Amino acid sequence: MIEIININKSYGNLKVLNDISLSIRENEIITIVGPSGAGKTTLLQIAGTLDRPDSGSVRYDGTEILGLNDKKLSKFRNSNIGFIFQFHQLLPEFTAQENVAIPAIIGGMGRKKAMREAEEFLGMLGLGERLRHKPAEMSGGERQRAAIARALINRPKVIFADEPTGSLDSRNRDEICAIISDLRNSLGQTFVIVTHDPTISSIADRIVSMADGRILSVEQKIAAETELSESMESVPDIAHSEEIL
């Protein structure tokens, strides 16, 4: 689905990525791990079209997207890519429902339809009673679930996540891991996740290890299923969410 080919990136004299190549397949969870300064976030930003490399190629379904101008690239990103960040990045002046609806509205969906779909995605993630709550009125786990709903609303090909559990306690971390795993299994969603959290890597299909701007290894896991049975008791059932897609 996504081919990252011979990517190089420097900031001044600092070489951040050195001839990186990686394939991302549909319906898989990939985690990217490594020490701080390894180039993980830079790789995520380039793969997600938030930054451009000095050289190399990024192809989605065989189409080279780095040649697009900024306007076309922004439109492509809105339609095909979702993002989840460590600190949710919800806009504080808007409700959860409005925050989730914003990418759909930017993409051209009518406001009423966008708000209706935002309500359905939030309900799917157990936030049906938090629609009109602003971020300050929600817990950390609730804010991150709202951020996941926002990433999903345009039905992207892939969701890129940068330390999505980094600011959460262990209970909320386990809930988010279980939700990500369930979304992959029930919706066929692809996730690429930068993390230091071994709990997230436990649900990955492949683990990409990086250091000094290079990929050191790619571990293919035989069975990538979460074993978070206790946390799943408190996670909403989203197995029947196909009805909103």
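The second largest pocket holds about 200 Å³ of space. Here a pocket is an open set of points on a 1 Å grid over the protein atoms alone, where a 1.4 Å probe fits and protein lies on both sides within 12 Å along at least five of seven lines; its volume is the space filled by probe spheres set on the points, which are joined across faces, edges and corners. The model is predicted, so local features need pLDDT of at least 70 and side-chain atom pairs pLDDT 80 or more, while totals for chains, interfaces and linings use all residues. Residues are numbered from 1 along each chain as its sequence is written, and side-chain values use heavy atoms, without hydrogens or water.

Fourteen residues line this second pocket, and Arg155, Pro156, Leu187, Gly188 and Gln189 lie nearest its centre; lining residues have an atom within 4 Å of a point. The lining comprises six nonpolar, four polar and four charged residues, with Ala, Val, Leu, Ile, Met, Phe, Trp, Tyr, Cys and Pro counted as nonpolar, Asp, Glu, Lys and Arg as charged, and the others, Gly among them, as polar.

Turning to the largest pocket, its volume is about 490 Å³. Of its 19 lining residues, Asn78, Ile81, Phe83, Pro103 and Ile106 are the closest to the centre. Two or more lining residues come from each of α2 (70-80), β6 (81-84), α3 (96-106) and α5 (140-152); helices (H or I, at least four residues) and strands (E, at least two) are DSSP runs, numbered from the N terminus. Nine nonpolar, seven polar and three charged residues make up this lining.
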